[in-house]
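Visitor: I am new to this one. Could you show it to me and take my questions in turn?

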Amino acid sequence: MAFLANALSRVKPSATIAVSQKARELKAKGRDIIGLGAGEPDFDTPDNIKAAAIDAINRGETKYTPVSGIPELRKAIAAKFKRENNLDYDWQQTIVGTGGKQILFNAFMATLNPGDEVVIPAPYWVSYPEMVAICGGTSVFVPTKIDNGFKLAAADLEAAITPKTKWLMFNSPSNPSGAAYTEAELKALTDVLMRHPHVWILSDDMYEHLTYGDFVFTTPAQIEPALKDRTLTMNGVSKAYAMTGWRIGYAAGPLELIKAMDMIQGQQTSGACSIAQWAAVEALNGTQDFIPKNQEIFRGRRDLVVSMLNQAKGIKCPVPEGAFYVYPSCADLIGKTAPSGKVIETDEDFVTELLETEGVAVVHGSAFGQGPNFRISYATSEALLEEACNRIQRFCAALR
């Protein structure tokens, strides 16, 4: 009898975590490495949020919390959904988890049976299919096109749905592509879902507040209210509030699903960190003044990176609407030979040679289910981004 569970054979390690770890190891050896693999803002958590955490400590808010979160935070979440998304939820229809990952995992664990299918547009965040696999489901990948900004087409969604489909896993703005759906694009998808009442929608809105220019964010249940009773809308404080390490994700949805997720979490981790929850109350209820300022900083970084990458030989980089990622194609460089003599046969070869030759750490697109591309996180300073792009240009020019 094998000691380890068979489910582990269906799961791969996180490529984004692996790249960040590799970059750290090379830095520790004295290499000059620019790491563009991590998906977290380089800003510090705002002072008002840190102060709220300190106040909570001083008040003695250091005990276990209810599994689904403290009422103050769940009420702040319900208020946020009403204020920003025009979605009406009772606070008891919300749940707080230890990061967005736990919310997603618990939703799949609570609903998936062997044979159930989850439609996932590609490219996708690396953890989606792994979570589905652990929970016994089957991922159905739907490729998107660079010429369409890596957005799921309504006809392709329709074709992917079967009687076994339980969820559409939807992410806008997207990790890894940065693609964000307009109201019209989202309406075309919700129209498809209205024709398939057995399909639920899990909407990952984690990058909601990281959109640029005149783009207006909307979420599926907001576009089509008739879908609200089969939609779980997930979000968190990690990206918009620079709180990745605080580990607070949250969601709102039908009460039956929330109760099922609460039951799983109760046997798993129980409530999230009490101090982080009180900090998240301040994040949602307090000033939002810094968000547009951060958006403008990220927009400038995006424009710099897109411009410089499109000047690199053989690279094609579309302009994403949101998040802090770009997802350029390196298709024209496949088959070229690096100065080391290595033939670039895949996007993984490309990023490996880039790291070894120029010390720039990015993530290969095949890890996100669609290549030959690579993902760059531009959540770092313009100076580092400019230097990294100069190195990428030099590396591409050296390929023969």
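Visitor: Which residue meets Asp349 in a salt bridge?
Guide: A salt bridge is a side-chain nitrogen of Lys or Arg within 4 Å of a carboxyl oxygen of Asp or Glu. Here the N to O distance is 3.8 Å. The partner of Asp349 is Lys342.

Visitor: Is Asp349 buried or exposed?
Guide: Buried means under 20% relative accessible area, exposed over 50%, partly exposed in between (1.4 Å probe, protein chains only). Asp349 has 15% relative accessibility, so Asp349 counts as buried.

Visitor: What kind of model is this?
Guide: It is a predicted model, where local features need pLDDT of at least 70, side-chain atom pairs count only at pLDDT 80 or more, and totals for chains, interfaces and linings use all residues. Residues are numbered from 1 along each chain as its sequence is written, and side-chain values use heavy atoms, with hydrogens and water left out. In short, the model is predicted.

Visitor: Which helix holds both Arg299 and Asp303?
Guide: Their side chains meet in a salt bridge, at 2.6 Å from N to O. They sit 4 residues apart, about one turn of the helix. Helices (H or I, at least four residues) and strands (E, at least two) are DSSP runs, numbered from the N terminus. Arg299 and Asp303 both lie in residues 290–309, helix H11.

Visitor: How exposed is Arg59, which meets Glu61 in a salt bridge?
Guide: The two side chains are 3.3 Å apart, N to O. Glu61 is partly exposed, because its relative accessibility is 26%. Arg59 is partly exposed too, with a relative accessible area of 47%.

Visitor: How many salt bridges are there in the whole structure?
Guide: The search covers the whole structure. The salt bridge total is 22.

Visitor: Is Phe3 buried or exposed?
Guide: Phe3 lies in the segment before helix H1 (15–28). Its relative accessibility is 82%, so Phe3 counts as exposed.
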